[in-house]
Amino acid sequence: GFLVTPLILDRCYPAMTHSKCLVTAEQNAAYAALMPQTSSIQVFCGLQGVELCQLVLKASTLQELVDAVSREINIPGDCFRLLWGGAGLGAGRLPMPLLRKSDIPVKVTLVRINPAWAAALDRVVASLVPELPSIACICDGPALDLSGEVRTCFAENRDLALAAVQYSGSFLMHFPEDLLHDKELVSTALRECGSALRFVPVPLRRDREVVLVAVQNDGEALFYAPPELQADAEVAGAAVAQVGQAMRHASSLLKQDRAFVFEAARKSSSGRAINMQTTILRRANTFLYAHERLRQDKAFVMSIVRVNGDVLTHVPQALRSDRDVCMAARAYWAGEGDAPPSAQGLVRQGLLLEPSERAKLAAQAVREGRPT
């Protein structure tokens, strides 16, 4: 570790080292006024994915939260379960992230259940999300026996199966064949886990609505779609909007389509108001999987980086060092393109940083052929 001297602390945090620099009561009041005062909960329907209600959190235990949601949506508390982070909320005190005060509401999922088979659902969910079994356990067979028992449970109670896939869409792997052809049940599972499309039989995989639900949850699910849907601009576009790497699963014709590739890059930049770093940097690699002819087209590359400058990282080296292309990206990051000013990241800093006078003179000498 590093030894932080009082001198450094004086510069960084003067209020911590000198009484004369202490924050005043007015400043404390102003700071407190800016801080979030409450925490809120958004409750979404696990079956349809729509918001049911939003309420200011005044509860500290699960039972208090269930009672508050029950009053809000007029459904008895024993007829639903609340999920957070892919798991059911346990009895007792709520997890700290739900209690933390924030301007951003916490999203929880509501799953409708029947009290008559609630205990069976708990047992099924607990048995299908165990710790990773050992090789000996698998060889002995108890895990396989349990899987068969669960499959029978699903086959005998469709409603229980519908509730289970709202916990985890991957439960589709345990479904009997007839339930795998149930479009409502499969769509509900894919809304929770798009990659579960791998367990869906071919007839439903060819259903455009089903595949669209899957790729909106996980763009990589496009890999499991049939070729005709990988060539569908809307389906592939939804997958790429979710994750840029899904472009590699799009058809070769779409990878050569200027309008499709351009729109994919433009849509990638539209999310920066929500979370610029996560949305943009993760999806800029869309261009990495475009057809080579488009990747080598300077005019097209310039038009791309003007709507998403982070694509510059993924263009060929020859164009990445081209002055015109760099200036187009610089305009984007400086706020002259299609985005607010931003100077985060090493490449951005290099393009936005004004060179020193010495560097300018050296560059001028190189252009004129004079020794530096």
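Reply: Strands and helices here are DSSP runs numbered from the N terminus, a strand being E over at least two residues and a helix H or I over at least four, and two strands pair if DSSP finds at least two bridges between them. In this case, strand β3 (residues 80-84) pairs with strand β5 (residues 106-112) in the antiparallel sense over four bridges, with R81 opposite V111 in β5. This is a predicted model, in which local features need pLDDT of at least 70 and side-chain atom pairs count only at pLDDT 80 or more, while totals for chains, interfaces and linings use all residues. Residues are numbered from 1 along each chain as its sequence is written, and side-chain values use heavy atoms, leaving out hydrogens and water.

Me: How many bridges join β3 to β4?

Reply: Two bridges join β3 to strand β4 (residues 87-88), and the two run antiparallel; W84 stands opposite A87 in β4. Their hairpin has two residues between the strands, and G85 there takes a positive phi near 65 degrees.

Me: In what order do the strands of the open sheet lie?

Reply: The five strands follow the order β2-β1-β5-β3-β4, with mixed pairing. The edge strands, each pairing on one side only, are β2 (51-56) and β4. Five bridges join strand β1 (residues 40-45) to β2 in an antiparallel arrangement, with L55 in β2 as the bridge partner of I41.

Me: Which strands does helix α4 lie across?

Reply: Axes are lines fitted to C-alpha atoms, for helices over the stretch in contact, and angles run from 0 to 180 degrees between N-to-C directions, where contact means heavy atoms within 4.5 Å. Helix α4 (residues 62-73) lies across β1, β2, β3 and β5, running at about 115 degrees to β3.
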